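Please read them with the coordinates open.

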Amino acid sequence: MRGTLTRLARPLAVLALCLCATAAAAQDAKREITKIAGDLYRFQNNFHYSVFLVTPEGVIVTDPIDAEAAAWLKAEIASRFNQPIKYLVYSHDHRDHIAGGEVFADTATVVAHENARATILGEKRPTAVPDVTFSDKMTIELGGKTVHLLYLGPSHSDNLIVMHFPEERALFTVDFVSVKRLPYMNLSDSYFPDWIETIRRVEALDFDILVPGHGPLGTKADAADHGDYLQDLYDAVLAGARAGQSLEEMKAGIKLEKYKDWGRYAEWLPLNIEGVYQRISLQRRGN
Ligand SMILES: [Zn+2]
């Protein structure tokens, strides 16, 4: 009998420990809501950010980030604004931004780019499958407010959209443009030189506040700078490849000093070089 109790007690103790660890992890998450402009708010969950727009007829939310973050946001929106969530818009298919969409899907129409829906299904992303998709442009109007969803071409993924809030003069760019920070590591799931061209299209849009999915807010000039960085990176790696340099030689030789004060310069520049090198290697044929 004693042996039976011991065998039972140990899994219960382990279970209690796991529950405590989960609760501690949830408490540690940095979550915050800040106003961007007008009725547009920014939602932070640790290193990820999304935005939401409040109208008299309901709320338009964007990336849920993960199920716990989404549940927190849903409760905050209910208590602060007392409005139902009518739309959920995914920026692109990547799990770290769009997991947990099912938390909002009970009241919201789920919207994404058509390529995002295909990848969400194919990769079995842990989120709600989009109800409505589009190819180039879609406008959502709710409670007298507007958001334009724009697909500008392949960039970071083949389905990232930017969200333009004309009344707030803001553009949510997610992983497409960051502010004085290098793009993430080895640029997985990115398209060159298409990404550079799509950033030039952002510069033509009418907005003042640039809202990335990571890091601080910026301006339209930051979008131009990010485009310049990607162009300089691409040009340097292509020139190195045409000069017959190895990847290791390029990592040692390409410095792009103009950007040395940007975030993650030292850690991610060699990885950025590697990412562009891999793509260029598939796209060119030397003599
Ligand atoms: Zn991404």
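1. Confidence overall. This is a predicted model. Mean pLDDT for the chain is 93. Residues at 70 or more make up 91% of the chain. Strand β5 (residues 85-89) has the highest mean among the elements, at 99.

2. Helix α1 (residues 2-28) has the lowest mean pLDDT of the elements, 47. Over residues 1-24 the value stays under 50. For that stretch the model has zero contacts beyond four places in sequence.

3. Domains. The chain is divided into domain 1 (29-165) and domain 2 (176-200 + 220-287). Note that domain 2 is given as two segments. The C-alpha centres of the two domains lie 29 Å apart. Nine residues of domain 1 are in contact with eight residues of domain 2. On the domain 1 side, these residues divide into four nonpolar, four polar and one charged.

4. Helices α5 and α6. How do the axes of α5 and α6 cross? Helix α5 (residues 194-203) and helix α6 (residues 220-242) have axes that come within 9 Å and cross at roughly 160°. Angles over 145 degrees count as roughly antiparallel, so α5 is roughly antiparallel to α6. The crossing is left-handed. From α5, the contact uses Trp-195, Ile-196, Ile-199, Arg-200, Val-202 and Glu-203. From α6 it uses Lys-220, Ala-223, Ala-224, His-226, Gly-227, Leu-230, Gln-231 and Tyr-234. By class, that gives eight nonpolar, three polar and three charged residues.

5. Helices α6 and α8. Helix α8 (residues 265-283) packs on α6 at an angle of about 60°, and the axes are 9 Å apart. That angle makes α6 oblique to α8. This crossing is right-handed. On the α6 side the contact residues are Leu-233, Tyr-234, Val-237, Leu-238 and Ala-241. They meet Asn-272, Ile-273, Val-276, Tyr-277 and Ile-280 of α8. Which classes make up this contact? Nine residues are nonpolar, one is polar and none is charged. Tyr-234 of α6 is listed here, and Tyr-234 is also listed in the contact with α5.

6. A cis peptide. Phe-192 and Pro-193 are joined by a cis peptide bond, with omega about 0°. Pro-193 sits in the loop between β11 (170-174) and α5. Please mark this bond in the text.

7. A positive phi. Where is Asn-46 placed? Asn-46 is in the loop between β2 (40-45) and β3 (48-55). Its phi is near 55°, a positive value in a residue other than glycine.

Methods. Residues are numbered from 1 along each chain as its sequence is written. This is a predicted model: local features need pLDDT of at least 70, side-chain atom pairs count only at pLDDT 80 or more; totals for chains, interfaces and linings use all residues. Axes are lines fitted to C-alpha atoms, for helices over the stretch in contact, and angles run from 0 to 180 degrees between N-to-C directions. Helices (H or I, at least four residues) and strands (E, at least two) are DSSP runs, numbered from the N terminus. Angles under 35 degrees count as roughly parallel, over 145 as roughly antiparallel, 65 to 115 as roughly perpendicular and the rest as oblique. A crossing is left-handed if the near helix is turned anticlockwise from the far one by less than a right angle, and right-handed if clockwise. Two residues are in contact if their C-beta atoms, placed from the backbone, lie within 7 Å. Ala, Val, Leu, Ile, Met, Phe, Trp, Tyr, Cys and Pro count as nonpolar, Asp, Glu, Lys and Arg as charged, and the others, Gly among them, as polar. pLDDT is the predictor's confidence in each residue, from 0 to 100. Domain bounds come from an automatic or database domain assignment.
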